Amino acid sequence: MSSDFKIELAPRVHRLPPYLFGRINNLLYQKRRAGQDLIDLGMGNPSDPPDPSVIAKLSEAAKDTTNHGYSKSNGILNLRREVTSKYLRKYGVRLDPETETIVCLGSKEGFSHMLLALIGAGDTAIIPAPYFPVHMYGVVLASGNVVALDVSNTERYLSNIAYTCEHFYPRPKLLIINYPHNPSTVTVEPEFFVDVVKLAKKYGLMVISDFAYADVAYDDYTPPSFLSAPGAKDVGVEFTTMSKGYNMAGWRVGFCSGNADMVKALATIKGYYDYGMFQAIQIAAIVALRDTEATVEKQSKIYQGRRDVLVEGLRRIGWEVSTPKAGMFAWAKIPEPWASRMNSIDFAMHLLEHGNVAVSPGGGFGPLGEGYLRMALVENEARLRQAVRQIGACLERTTAPELVGV
């Protein structure tokens, strides 16, 4: 059926690039339909369940008919109180649950809506590079501009922030930071955030800290909170989530905490966009925050064991990969001669097609991700060992394509 009627999309949609993982997802789908056994390390999607007490509380709360109406879009007060209690207990940060914390439908939703509240046409945000896609395209969808700065060296990164603020006109309005960093796994110490606050106050930068991997850390490393730096609440907010350490990714429970004016701005946007999270989920989240810290610590130990298996296995077959101190990924450099002859997306396709192992190509995280792969620690240790064997066998029985014109 044909029609002369034309659908005109908004300009913001045309600013989005083609989905870079589309080819990989299509092949994944085809192989699964064919019944092939795939080891999927592409997405950081926790494969372990939440603590049983949390599931039991969800079931109990769902049976209470009073929990099935609309909920407040900023979250029930007792859940916000539990978030502020965790900040005080773990980071020594005092927050007002009434004005300095809000519940989000996952931190990604909250982050995106915060950008709508802060960024407009002509405004510029500084983001980390390589970048998690929403850090880039959340700004784009808010009609803003982006400057992406390399995070591999923290001193140089801070210096580049200052240089950008001094030489760009109009001056950037917002700084987005993400530690532990996804995808590169770079981590920082508390002093880093002290310097960030100084830069923010000097150049009039608002700050958003994406603290998604706050609860997944190894080798006695504790990821610091941006809000623990003196004066941080004057300039910014921090997003946290229950997706990772609590294994509640599909529950979509996130939080924004910090500067009261920024939290209020997010609440204003959310008030127009949603009616809040299902109250039974919020009640279960209270139990998770209050009673399952030991389970969260145990989960980090599980991820640490997986990290060791994957990193040591890749090094054994000749790959260059650093040992992450936090997060649920390994960031691996594509080995030669493959790195010189294939981009990361083609190499990821090669591993999937010939090795039945799915990974995320670094190019999907911007130009500075090119030459790397991100591998999620979501399979058990036995499956990760199998993944390394399949990758090694794949590269042994296949050859890197010759460079065109050589």
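Colleague: How do you know which features can be trusted here?

Modeller: This is a predicted model, so local features need pLDDT of at least 70 and side-chain atom pairs count only at pLDDT 80 or more, while totals for chains, interfaces and linings use all residues. Residues are numbered from 1 along each chain as its sequence is written, and side-chain values use heavy atoms, with hydrogens and water left out.

Colleague: What makes H2 and H14 roughly parallel or roughly perpendicular?

Modeller: The axes of helix H2 (residues 22-33) and helix H14 (residues 344-355) cross at roughly 5° and come within 10 Å. Angles under 35 degrees count as roughly parallel, over 145 as roughly antiparallel, 65 to 115 as roughly perpendicular and the rest as oblique. H2 is therefore roughly parallel to H14. On the H2 side the contact (heavy atoms within 4.5 Å) is made by Arg23, Ile24, Leu27, Leu28 and Lys31, and on the H14 side by Ile345, Asp346, Ala348, Met349, Leu352 and Glu353. By class, the contact has seven nonpolar, no polar and four charged residues. Ala, Val, Leu, Ile, Met, Phe, Trp, Tyr, Cys and Pro count as nonpolar, Asp, Glu, Lys and Arg as charged, and the others, Gly among them, as polar.

Colleague: And what counts as a helix, a strand or an axis here?

Modeller: Helices (H or I, at least four residues) and strands (E, at least two) are DSSP runs, numbered from the N terminus. Axes are lines fitted to C-alpha atoms, for helices over the stretch in contact, and angles run from 0 to 180 degrees between N-to-C directions.

Colleague: How are H5 and H10 placed to each other, parallel or perpendicular?

Modeller: The axes of helix H5 (residues 107-118) and helix H10 (residues 260-273) cross at roughly 105° and come within 9 Å. The two helices are therefore roughly perpendicular to each other. In H5, the residues Glu109, Gly110, His113, Met114, Leu116, Ala117 and Leu118 meet Met262, Val263, Ala265, Leu266, Ile269, Lys270 and Tyr273 of H10. These residues divide into 10 nonpolar, two polar and two charged.

Colleague: Which strands are called edge strands in the sheet of seven?

Modeller: This open sheet has the order E2-E8-E7-E6-E5-E3-E4, with mixed pairing. Strand E2 (101-104) and strand E4 (145-150) are the edges, as each pairs on one side only. Two strands pair if DSSP finds at least two bridges between them. E7 and strand E8 (residues 254-258) have five bridges, in the antiparallel sense, and Phe239 has Cys256 in E8 as its bridge partner. Helix H4 lies across E2, E7 and E8, at about 115° to E2.

Colleague: How many strands are in the sheet that includes E9?

Modeller: That open sheet has four strands, in the order E9-E10-E13-E12, with antiparallel pairing. Its edge strands are E9 (320-321) and E12 (360-361), each pairing on one side only. E12 and strand E13 (residues 372-376) pair over two bridges.

Colleague: Which helix gives the most to the lining of the second largest pocket?

Modeller: That is H12, with six residues. The second largest pocket holds about 400 Å³ of space. Of its 20 lining residues, Lys90, Asp215, Thr222, Glu297 and Ser300 lie nearest its centre. By class, this lining has eight nonpolar, three polar and nine charged residues.

Terms used:
1 Å grid on protein atoms, 1.4 Å probe; cavity = no way out; pocket = protein on both sides within 12 Å on 5 of 7 lines; lining within 4 Å. Points joined across faces, edges and corners; volume = space filled by probe spheres on them.
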